[in-house]
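Q: I'd like to learn how to read salt bridges in a model like this one. Can we walk through it together?
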Amino acid sequence: MKRVKELYLGFSDATNYSQRGNKELFNHIFVKNHFLDEILEPSRYFLIGEKGTGKTAYATYLSISNYKENSARNQFISATDYEKFYKLKNQNQLDLTDYEGIWKVIMLLIVSKTISEDDSITSKFNKSNVKQLITAIQDYYNNAFSPEITTVMKVMDDSEAVAKIISKVVEIGGGIKNSTEYTETKFQHNLYYIEHNFEENISNLKINQDLTIFIDGIDIRPDSIPYNDYIDCIRGLVHATWYLNTSLFSNIRDSKGHIKIVLLLRPDIFNALNLQNATNKLMDNSVFLDWRTTYATYQNSDLYRIGNQLLTYEQEP
């Protein structure tokens, strides 16, 4: 047996387990419980819990394990991303609707890029239109375009150029049914044009397996961003993902798999958003990580199982 000081208790930040050398350890110590299956339910769009309750751990595990043949990606919002929104607001006089439009484009690009790179999600033939649009954007950025939010935010600065690129792809490809013609140069119109074309193509996909995109890091507000602007930005993100989850992804016809976006939020941030039907969203569309137990029943609790599993790692029987 090892001494207490010799015990390995893992990382405090679950993002470290996404690194290749740490995945085996994480798979060993991770305890699969009812939370894991609830998160994968099609109508669960929010993963809510206090700091340290395991939101990132669940997103990381699902991103590296292909649990029950579900594909998942964990995307992080950084301080730089919030600062970009704040800059866009000051430059373009954005309101809440504009925040929502920007987040829609960001989420659609992340989903499309993920689909274009993974043949297990849908066949090469079926995703040809989406891949063609992503390839055109990739070429514009000299093959430096990736699905991380920080990189996708570059499209906001270059929205007019990206809209023109998509317009050329659509024109060469013979057009997309009901596609809006590109005629405007205004920031909001450019975003709508990009959004419309990606929505049109994603709605025609046949997904082979479920795809979940986790958005992490939402709770970290940079000191340089006023609180009210930060909340407006997050509220726009929630409205955008709610629309995409309920109006676009859930209505893809004849699709075996399901696409959804899950937001990782602290309870205080969720409450501060003042969402419409917030109670229903919390009850029906959220997974709340609650590890509380009692002294009388602690040995049957998930919290006890996690501690026990961690302490048995590389220990003698």
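A: Buried means under 20% relative accessible area, exposed means over 50%, and partly exposed is in between (1.4 Å probe, protein chains only). This is a predicted model, where local features need pLDDT of at least 70 and side-chain atom pairs count only at pLDDT 80 or more, while totals for chains, interfaces and linings use all residues. Residues are numbered from 1 along each chain as its sequence is written, and side-chain values use heavy atoms, with hydrogens and water left out.

Q: Which residue does E117 form a salt bridge with?
A: A salt bridge is a side-chain nitrogen of Lys or Arg within 4 Å of a carboxyl oxygen of Asp or Glu. Here the partner of E117 is K113, with the closest N and O atoms 2.3 Å apart. K113 is buried, at 5%.

Q: How many salt bridges does the structure hold?
A: There are 12. One of them joins K104 and E195, whose closest N and O atoms are 3.8 Å apart. K104 lies in helix α5 (residues 96-117) and E195 in helix α10 (residues 187-202), so this pair ties together parts 91 residues apart in sequence.

Q: Are K104 and E195 buried or exposed?
A: Both count as buried: K104 has 12% relative accessibility and E195 has 9%. E100 joins K104 and E195 in a salt-bridge network.

Notes
Helix = DSSP H or I, 4+ residues; strand = E, 2+ residues; numbered from the N terminus.
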